[in-house]
Amino acid sequence: MATLIGRRLVALFAVLCGLAVIVFVLQAIIPSDPARAMVGASASPEAVAAKARELGYDKPLPQRFADYVGRTATGDLQSSLRTRNEVTDDLATFAPASLELALAAAVLAAFMGIGLALALAAGGRAARVLRVVLVAGASVPGFLVALLAILVFYSLLGVLPASGRVTDTLVLPEGPTQLLLIDSLLALDPGVFGSALAHLVLPAFTLALVPALAIARTLATSLESVMREDYVRTARSKGLRERSIIVRHGLRNAAGPALTMGGLQFGLLLAGIVVVEQIFSWPGLGLYLSQSIAFSDFPAITGTTLLLGTTYVVVNFLVDVAQAAADPRIRTI
Amino acid sequence: MTRHLIAAAVLAAALTIVGCGSTDKKSSKASSDVLRIPYLADMSVPDPDVFYDIEGNSVILNQYEGLLKYAPGSSEIVGSLADSWTVSPDRLTYTFKLHPGVKFHSGAPLTSKSVKAAFQRRLDVGQAPAYMLEPVKSMSTPDDLTFVVKLKSPVNPFEAYMASSWGPKIIGPEAIETNAGKDFGQTYLRTKGDGTGPYKLTAFQRGRQYTLTRNDEYWSTKANFKTVLIKITPDIGTQRLELQNGDLDGIVKSFPASELESLPDSLTVIKKDANLRLLLYVNTSKAPFHDPAVREGLRSTIDVDQLVTQAYAGTATKSVGAYPEAILEGQPELPYAVDAAKAMAAGDKAKTKKITLAYTADESGVQRRVGELLQAKLKEAGFDVTLREVQLPDTYGYVKRLKQAPDLLLQTNTPDAAHPDTWARIVFYSTGGLNFFGFADKGVDKALDDALAAPEDEANKLYLEAGQKVIDSNSIFFLGNVKDVFVLQKDLQGVQSVPAYPWTIDYATLKRGGS
């Protein structure tokens, strides 16, 4: 196990280094002028040049890269050109909302995925219809799901809010986690909790849908295969109830591929955050990133990309370790 | 039994969520005390000496005041914190008489010393809007209510600078002294404020919302709404649905023109004149538009009537002259006339037929629509046009890489103030910030430099002369005057705007019918 963790850590470090290089190259080749964007249209050429000097954009590319690597290695992500705050501070402001949304979506995806997989594994006509629905559902783009969800649940039925993280007139608890559901519970504030939960439903569902369908299909296939194994037949012959066999023997042994798929889908979920947060006005990293891109705010873009990339890599690392813990055969790979 | 308990728990949870959702909606419906307006994006910072964008203008202008301002709906400069002002015959000395009894949000009184401190801070901070005070030679405060500014040389747009939406705003001692820190209060003013305006900034939650609370000690007419919530809602579709459902009171920017006709009766559309102008920039540094004859042909392909009618659906008019009409009188009609034969002949002459037409991203989609209409016309003239959406900061980089830049660029711009210099200097001048393809004409630069200190009549002639040179060069085409379009709840009254303050309404004058 230690060897596996060591190998994965080295791979994790290499991936992060690659990501840092890609982000730098991208900002170097984009024909933008952040210095002019900052000082404005009326600034003199001297003022633009002075700002470019201050930001270090006048230096040769290799020197800029060396500075960038040095700063990033020490956790200095510079100041945002737009908000003027340290990027690390901005990330700390926006990350909790994204974390809450991603966690809710991940939990929802897991439950939906397992539920759908069990329904598929049950077989019959219903399962065939469900399979068609899953294929169709997986091909619907996230933004369309979001818009449909808003149209139905906000506009037509009027039962769920369309935007934001909580009702605008509520005073938010100053909690330790910055996750509204947890902080409002700790503060015993049912108003904020209910509102936060209501605001979470549509964006979390939109984000969870595609991962849930992918997990469901993978788990169902794996489950069908497991349910044909000898030990399952033995369990049946012993008179165990089918539900008990599925839950105690089938799901556990079929979980490996679904876990891998879950890890991969988490990456897609992080990518989906940018669109979903934009549509639902969710004040998280996706919103911060899209606003930063529109401003060519390279420090902010770099910081957010590195944070999201790191999260993705770390989650996949944890999935690898979890799989190895569940299945000893993997530890030797 | 267990199954029933689980089902009951799930039902209860669903009812809780749905209940909270619907309670949210009811509680957020129109209230006489709260005004809800969306922004498409966060503003950069609520600091008037740093802020130099458009999204965020209303937060600045409802919180801070300058010495002068524009009268509602016009380009006439009137007093704001200054009751009156005089200009010396040599146009070097400006004497402002301040309104007595004005207090900052912190409670401190407004005096000439606080005005001087605020002006000095703008220079010390040295960010984008500081250029408006660069001509200042000295400042003095003969008494508590008199503030005198001496300039290094006459600067015609100086009063316009004072009235500009990005002009010097008088920031109070809470920021400039008490919380100045080592950065002239910049850290403090990233989330807080201390102005004299009708609203105070009481919460700045980036990514979520900003809260403006009525200043009950305001020295002039007090605002009607107790609270203004500026909600960050980046998707215009979501904004529209929330407006229709009554969860927003108005949309003041980027409402799609094509959807204005299909609004429900509960909403009203108000169109106001603005100094916004749609421009088509031409890259004259490479083929095919380096050839004046091809540019002449390009001029014959542009059907301005079609653009403003079809793309803007009544929210823009055909441009007259090179400047927004309201800021310079006596401008000539533009010589743009569609001539298919001329256009095709020019297309034949073009060294390359493949061109790129870029347009800056906008939520309303109107610039993309204009781009598509132009694309069709250019195709008729024999060009193969690729449309490309770009971000505004990208366009600033074009002038450094003209050969790699697009051939044409569509963009909507506005001058900093209602004065021809504030338009020509950024769009026509060879080093202007909005002169994206580096149009350069020494005659234009000289005319603008001469106009800066010339007597008004002479200056206006020089501005017209510079404009005519740009028109004749076919390097920039002046397509449309874009209006401010406000889509509001029907019961909202008292809408006031200023052409020089784009996409901005005065929250203080708004009220609900009957409130």
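This is a predicted model: local features need pLDDT of at least 70, side-chain atom pairs count only at pLDDT 80 or more; totals for chains, interfaces and linings use all residues.
For a sense of scale, B:Gly314 lies 115 residues from B:Tyr199 in sequence, and the two C-alpha atoms are 33 Å apart.

Strand β8 belongs to an open sheet of four strands in chain B, ordered β1-β10-β9-β8, with mixed pairing. The edges are taken by β1 (34-39) and β8, each of which pairs on one side only. Going from one strand to the next, the twist averages 20°. β1(B) and β10(B), the latter made of residues 227-232, run parallel and are joined by six bridges. Within this pair, B:Pro38 stands opposite B:Lys231 of β10(B).

Chain B has another open sheet of four strands, this one antiparallel, in the order β4-β5-β7-β6. Here β4 (82-87) and β6 (136-143) have a single partner strand each, so one side of each is left without a neighbour in the sheet. The twist in this sheet averages 20° from strand to strand. Five bridges hold β6(B) alongside β7(B), residues 146-151, with the two strands running antiparallel; B:Met139, for instance, has B:Val149 in β7(B) as its bridge partner. Helix α3 of chain B (residues 112-125) packs on the sheet and touches β5 (93-98), β6 and β7, with its direction at about 165° to that of β6(B).

Now for the nonpolar cores. The largest one has 157 residues, and the members touching the most others are B:Val228, B:Tyr281, B:Phe428, B:Tyr463, B:Ala466, B:Ile476 and B:Tyr507. Strand β17 of chain B (residues 476-489) gives this core its largest share, nine residues. B:Ile476 is in contact with B:Leu279, B:Tyr281, B:Val282, B:Val427, B:Phe439 and B:Val470, once neighbours within four places in sequence are set aside.

As for where the chains meet, the contact draws 50 residues from chain A and 48 from chain B. On the chain A side, at least two residues each come from α2 (34-39), α5 (87-121), α7 (142-156), α9 (190-226), α11 (242-279) and α12 (285-294). Sorted by class, this side of chain A holds 25 nonpolar, 19 polar and six charged residues.

Two of these helices, α11(A) and α12(A), also pack on each other, at an angle of about 90° and with their axes 7 Å apart. That angle makes α11(A) roughly perpendicular to α12(A). From α11(A), the contact uses A:Ile273, A:Val274, A:Val276, A:Glu277 and A:Gln278, while α12(A) brings in A:Leu285, A:Gly286, A:Leu287, A:Leu289 and A:Ser290. By class, the residues of this helix contact split into six nonpolar, three polar and one charged.

Technical notes. Residues are numbered from 1 along each chain as its sequence is written. Chains are lettered from A and ligands numbered from 1 in the order in which they are written. A nonpolar core is a set of buried Ala, Val, Leu, Ile, Met, Phe, Trp, Tyr and Cys residues joined through C-beta atoms within 7 Å. A residue is buried if 20 or more other C-beta atoms lie within 10 Å of its own, exposed if 12 or fewer, and partly exposed in between; C-beta atoms are placed from the backbone. Two residues are in contact if their C-beta atoms, placed from the backbone, lie within 7 Å. Ala, Val, Leu, Ile, Met, Phe, Trp, Tyr, Cys and Pro count as nonpolar, Asp, Glu, Lys and Arg as charged, and the others, Gly among them, as polar. Two strands pair if DSSP finds at least two bridges between them. Axes are lines fitted to C-alpha atoms, for helices over the stretch in contact, and angles run from 0 to 180 degrees between N-to-C directions. Angles under 35 degrees count as roughly parallel, over 145 as roughly antiparallel, 65 to 115 as roughly perpendicular and the rest as oblique.
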